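Please look over the sequence and the structure below before reading on. The briefing then takes up selected features by topic.

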Amino acid sequence: MSDFLFGDLTAGTAILGILLGMLLAVVVPRLLKPSTTPSGEKKDYMDLVSTGQVLFDDNRKEGQCCVHSAQIFEKQVDFNAFSRQFVKIYGTNGRFGQRLVHKEDERPYWIKPDPSWEPEDNISCVTDRTDHAKFEEMIAKMCATPLPLTQPLWQMVYFQNYVREDNGELTSAFIWKYHHSMADGFTAMRHTCSHCVPAKEGQKMEDLFIHPKAGNKRSRPSLFTIAKKAVFAFFKLIFLPKDPVNPCKPNYMQKHGSKRATAFTYLGEEFSVAKIKEIAHSATTAGKKKSVNDVLLAAISRALGMYCEEKKDKMEDVKIPDNFESAMWVSLDRGSPFKFEEGERRWGNKGLGVCYLSLPIGVKSAVEQLNIVYHRIRDLIGSPEPLLANKLQALVALLPYPIAHFLWPIVTAKVTLSISNVPGPQAQLRWPVNRDEDLTEQIPRSGIIRDMLFFVPPVYDIGIMASIISYNNRVNVGMTTAGEWINQTDVHHIIYDLFPRAMRDIRDGVAASKDTE
């Protein structure tokens, strides 16, 4: 009888059957849940990767995993005029006009907010003179403050009188906070650009973005090669060991939602996009073409290595590892970078992937550090790791909240820092505007963006989130850290002192190596 029922049952097929049965036992009941609320409103479910972002939150009453967009205008823009324009474009559209419902034993979903809610409820203005240090402190404070699920999960804080660092003149700035389940940074950048126009007359948005150059077609890898890479990527994502305790991660007891520290700055003309391209070009040897991304990631490695050297004798039971494991975020979305069609329904995180990049910390030579980063990044090109990570995030999001919530810390414990490097348009943009309306009337209600950067507070036992954006030939670099591990003074030191020093080491090292050839 057993042979008739089970045939040639092996241990492997038995385990697979049990796992499949467990998965079906979880998924099927959730699929059978009513698709409408008791009042008859349709539940608007999000993609599974966005659902995973909700599962990062500690409870079902607050939105903690948020993106923070900090932008500085070239000149002052009146708050009331800007607020009306922002509300007109974003206020009640898409996820900005919905609230999140996160109940037990059901996938999170979006519904309409309370009828008494107005978009202006989520917008505030600071009229006091605000220098950059206070601006950074406000970002850090907002990074540590969750959003209530009783209203749409976004917040806008406007600074009417921001004091520019370079000349002391007054301009305006803002911090726009929204829950990560609404959109990842790449999607948010695309949507921001869809409501921009070039500040300079005669320019077109499509001409401001880097287009891939036509080159030799690569030969398609064999199925065996693809399978081998997929297996390697899977085991790397699942079984990669934890980073050891180190000066940037002195313990594994970080509390979600605890104090944050933030710093960011424009690198100046010394390290504009054009200047960094020159460094990358000079570092190119034997056909190994370096990129701006290689140089910037090598500088992050070097700056953190310097910081660890400074701290190693002041902290007990910590060592400086040879490498830091980092989570490098990748966009799998091939949509236009300057146009966002509502019909695309690309809001959310459906196209968000991640891969583990090992950054060399304990390397003395700046040139060697750059070369190691170059090779490790090239090893990831063509890897299925970002796509696999995307699918694994979706799979975890299908699991019950307690199980998924248990698995996320295991994943985040593997890395010391998270990295986002977003290449933006290389010309100034005016935002926010509707391109299909008269621009003349919108100019007083919008501003020309001078600088911008995205911040996502580190979660669980990731201690650092490093952000880089290149825009209008300007490079902005910033970090948000777990405040109990790397405080405001230290993160300021890393960004303002150590990172520029690391860039100079790389530039001077590359120049010296060229002179000796």
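Does Lys-312 count as buried, partly exposed or exposed? At 34% relative accessibility, Lys-312 counts as partly exposed, where buried means under 20% relative accessible area, exposed over 50% and partly exposed in between (1.4 Å probe, protein chains only). This is a predicted model, in which local features need pLDDT of at least 70 and side-chain atom pairs count only at pLDDT 80 or more, while totals for chains, interfaces and linings use all residues. Residues are numbered from 1 along each chain as its sequence is written, and side-chain values use heavy atoms, with hydrogens and water left out.

**Salt bridges**

- The structure holds 16 salt bridges, each defined as a side-chain nitrogen of Lys or Arg within 4 Å of a carboxyl oxygen of Asp or Glu.
- One of them pairs Lys-312 with Glu-309, the closest N and O atoms being 3.1 Å apart, and Glu-309 is partly exposed, with a relative accessible area of 34%.
- Salt bridges that share partners join Glu-74, Arg-164, Asp-166, Arg-450, Asp-451 and Arg-474 into one network.
- Within this group, Glu-74 forms a salt bridge with Arg-164, with 3.1 Å between the closest N and O atoms. Glu-74 lies in the loop between strand S3 (66–73) and helix H4 (79–91) and Arg-164 in the loop between strand S8 (154–163) and strand S9 (170–179), so the pair ties together parts that are 90 residues apart in sequence; helices (H or I, at least four residues) and strands (E, at least two) are DSSP runs, numbered from the N terminus.
- Arg-378 forms a salt bridge with Asp-294, the closest N and O atoms being 2.7 Å apart. Because Arg-378 lies in helix H10 (residues 366–380) and Asp-294 in helix H9 (residues 292–311), the pair ties together parts that are 84 residues apart in sequence.
- Of these two partners, Arg-378 is partly exposed at 25% relative accessible area, whereas Asp-294 is buried at 0%.

- Asp-57, in the loop between helix H3 (48–55) and strand S2 (62–63), is buried yet has no salt bridge, and the nearest side chain of opposite charge, Lys-177, is 9.7 Å away (Lys and Arg count as positive and Asp and Glu as negative; His and the chain ends are not counted).
- The side chain of Asp-57 is instead joined to that of His-179 by a polar contact of 2.9 Å, a polar contact being a pair of N or O atoms within 3.5 Å; within protein, one must be able to donate a hydrogen and the other to accept it, and residues adjacent in sequence count only if both atoms are side-chain atoms.
- Nine of the 10 residues of helix H6 (residues 185–194) are buried, so this helix is largely enclosed by the rest of the structure.
- At the start of H6, a side-chain oxygen of Asp-184 reaches to within 2.9 Å of the backbone nitrogen of Phe-186.

**Cysteines**

- The count of disulfides, meaning pairs of cysteine sulfur atoms within 2.5 Å, comes to zero.
- The sulfur of Cys-66 is 6.9 Å from the closest cysteine sulfur, in Cys-65, which is too far for a bond, and Cys-66 counts as buried at 0% relative accessibility.

**Backbone geometry**

- A cis peptide bond, with omega about -5°, joins Trp-431 and Pro-432, and Pro-432 lies in the loop between strand S15 (429–431) and helix H13 (439–442).
- Asn-472, in the loop between strand S17 (464–471) and strand S18 (474–482), has a phi near 55°, a positive value in a residue other than glycine.
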